[in-house]
Amino acid sequence: MDRILAIVNEEVVLLSDLEQAMAPFREKLKQAGYSEAQQRIYLSDQQPLMLQKMIDDKLTDQQAKRLNVTVSEEETDKAIERFKAINRMSAEDLPRMLKLEGLTYEAFREQIKEQLIQARIVNREVKSKIVITDVEIKAYYEAHPDQYTGVTKYHLRHILMKTASQSSDERENVRLQMQRIHERLQGGEAFASLAKVYSQAATAQDGGDLGFFETRLLAAPIRDALAGLASGQFTQVIDTEQGYQIFFVEEMVHTGGKSLQEATTEIQDKLFAEVVEEKFKTWLKELRQRAHIQILE
């Protein structure tokens with residue numbers, strides 16, 4: 001039988017409301033293969049948290065009505081498109097994500113709408129605009145290079161002369177040989193031709209061709225030596241674990257990156273959402289203190 005779980009000012013939260021709100025969690029646990037007993041334990045822990053959220057949602061809705069704050073269907077649609085763009089989602093990715101989260105599209109849409117209402121209430125109630133400065137945007141951009149710098153790949157060739165188990169005099173002799181090869185490269189001789197003749201690596205017969213490598217996968221000395229080079233250029237002689245080497249940049253490809261200017265709107269939206277969330281928590285705490293809330297056992 002249905003019953004009242006909480007009274008929030010003039011409205012109530014029913015047991016059936018809570019069960020409906022918990023349905024996505026139940027479905028997600030089921031898909032993950034949890035047993036019935038495990039599901040009951042997890043859901044019993046989550047129910048008090050969900051009830052508190054439902055109480056907060058009631059307070060938010062009540063205040064939105066008092067302030068006549070509304071969000072149109074068109075505004076919700078645009079917010080969903082922004083969400084997909086920020087998270088680089090295709091039309092197929094969103095349904096897949098919702099299925100993993102155990103959410104229906106309608107429930108997800110309602111969440112987006114609630115977030116928009118929260119943002120509007122915060123702006124109105126706090127009576128101060130949320131301003132994200134250029135300095136904050138730049139700081140976020142620089143602090144998250146993995147999100148915005150993209151991936152650089154080098155198509156490399158190399159010439160290797162091994163130095164393993166050799167004395168310091170022999171190592172110096174190898175280094176001098178490599179230095180003379182470097183001078184010949186500077187004189188305009190073809191890298192692949194010299195690699196075929198002098199390289200002691202298995203790649204020699206292919207002109208020292210190593211294929212493509214992501215920057216992050218290269219050893220630090222090699223990565224440092226390649227920094228600033230363009231296609232058609234080569235490094236100095238490098239002392240590596242395998243021996244002395246020279247690397248040639250056959251081609252350099254950079255993909256997936258965004259400049260600060262390109263990422264500004266995306267970062268602004270992210271920072272704005274974070275500020276809204278913090279201000280909303282403060283506002284909601286004050287609203288709770290003024291409201292009549294009764295949780296029934």
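Predicted model: local features only at pLDDT ≥ 70, side-chain atom pairs only at ≥ 80, totals over all residues.

Me: Why is helix 8 called roughly antiparallel to helix 9?

Reply: Helix 8 (residues 168-186) and helix 9 (residues 191-198) pack at an angle of about 155°, with their axes 10 Å apart. Angles over 145 degrees count as roughly antiparallel, so helix 8 is roughly antiparallel to helix 9.

Me: Which residues of helix 8 and helix 9 meet?

Reply: Helix 8 brings Ile181, Arg184 and Leu185, and helix 9 brings Phe191, Leu194 and Tyr198. By class, this contact of helix 8 with helix 9 has five nonpolar residues, no polar ones and one charged.

Me: What makes the buried residues of helix 9 line one face of the helix?

Reply: The buried residues of helix 9 are Phe191, Leu194 and Ala195. Seen down the axis of helix 9, they fall within an arc of 105°, so they line one face. As a general point, an α-helix has 3.6 residues a turn, so residues three or four places apart point the same way. The buried residues of helix 9 pack against strand 3 (151-162), helix 8 and strand 6 (243-255). Turned away from that buried side is a face with the exposed residues Lys196 and Val197.

Me: Let's turn to another pair. How do you know that helix 6 and helix 11 are roughly perpendicular to each other?

Reply: Look at the angle: helix 6 (residues 134-143) and helix 11 (residues 260-290) pack at about 100°, with their axes 9 Å apart. The range for roughly perpendicular is 65 to 115 degrees, and therefore helix 6 and helix 11 are roughly perpendicular to each other. From helix 6, the contact is made by Glu136, Ile137, Lys138, Tyr140 and Tyr141, while helix 11 supplies Leu260, Ala263, Thr264, Ile267, Gln268, Lys270 and Leu271. By class, the contact of helix 6 with helix 11 has seven nonpolar, two polar and three charged residues.

Me: Why is Gln268 called partly exposed?

Reply: Gln268, which is in helix 11, has a relative accessible area of 34%. Buried means under 20% and exposed over 50%, with partly exposed in between, so Gln268 is partly exposed. Not counting residues up to four places away in sequence, Gln268 touches Ile132 and Ile137. By contrast, the C-alpha atoms of Gln268 and Leu218, 50 residues apart along the chain, are separated by 33 Å.

Me: What makes helix 2 roughly perpendicular to helix 11?

Reply: The axes of helix 2 and helix 11 cross at roughly 90° and come within 11 Å. That angle falls in the range of 65 to 115 degrees, so helix 2 is roughly perpendicular to helix 11. Here Gln52, Asp56, Leu59, Thr60 and Gln63 in helix 2 meet Phe280, Trp283, Leu284, Leu287 and Arg288 in helix 11. The residues of this contact divide into five nonpolar, three polar and two charged.

Me: How do you know that Asn68 is exposed?

Reply: Asn68 sits in the loop between helix 2 (36-67) and helix 3 (73-86). Its relative accessible area is 62%, and exposed means over 50%, so Asn68 is exposed. The backbone at Asn68 is worth a look too: its phi is near 60°, a positive value in a residue other than glycine. Asn68 and Ile121 are 53 residues apart in sequence and 9.9 Å apart in space, C-alpha to C-alpha.

Me: Why is Lys84 called buried?

Reply: Lys84 is in helix 3, and its relative accessible area is 15%. Buried means under 20%, so Lys84 is buried. Not counting residues up to four places away in sequence, Lys84 touches Met89, Ser90, Ala91 and Leu94.

Me: What makes Arg88 count as partly exposed?

Reply: Arg88 has a relative accessibility of 47%. Exposed means over 50% and buried under 20%, so Arg88 counts as partly exposed. Arg88 lies in the loop between helix 3 and helix 4 (93-101). Its phi is near 55°, a positive value in a residue other than glycine.

Key:
Residues numbered from 1 in each chain as written. Heavy atoms only, no water. Axes fitted to C-alpha atoms, helices over the stretch in contact; angles between N-to-C directions. Helix = DSSP H or I, 4+ residues; strand = E, 2+ residues; numbered from the N terminus. Parallel < 35°, antiparallel > 145°, perpendicular 65-115°, else oblique. Contact = heavy atoms within 4.5 Å. Nonpolar A, V, L, I, M, F, W, Y, C, P; charged D, E, K, R; others polar. Buried < 20%, exposed > 50% of the residue type's maximum accessible area, 1.4 Å probe, protein only. Arc of directions from axis to C-beta.
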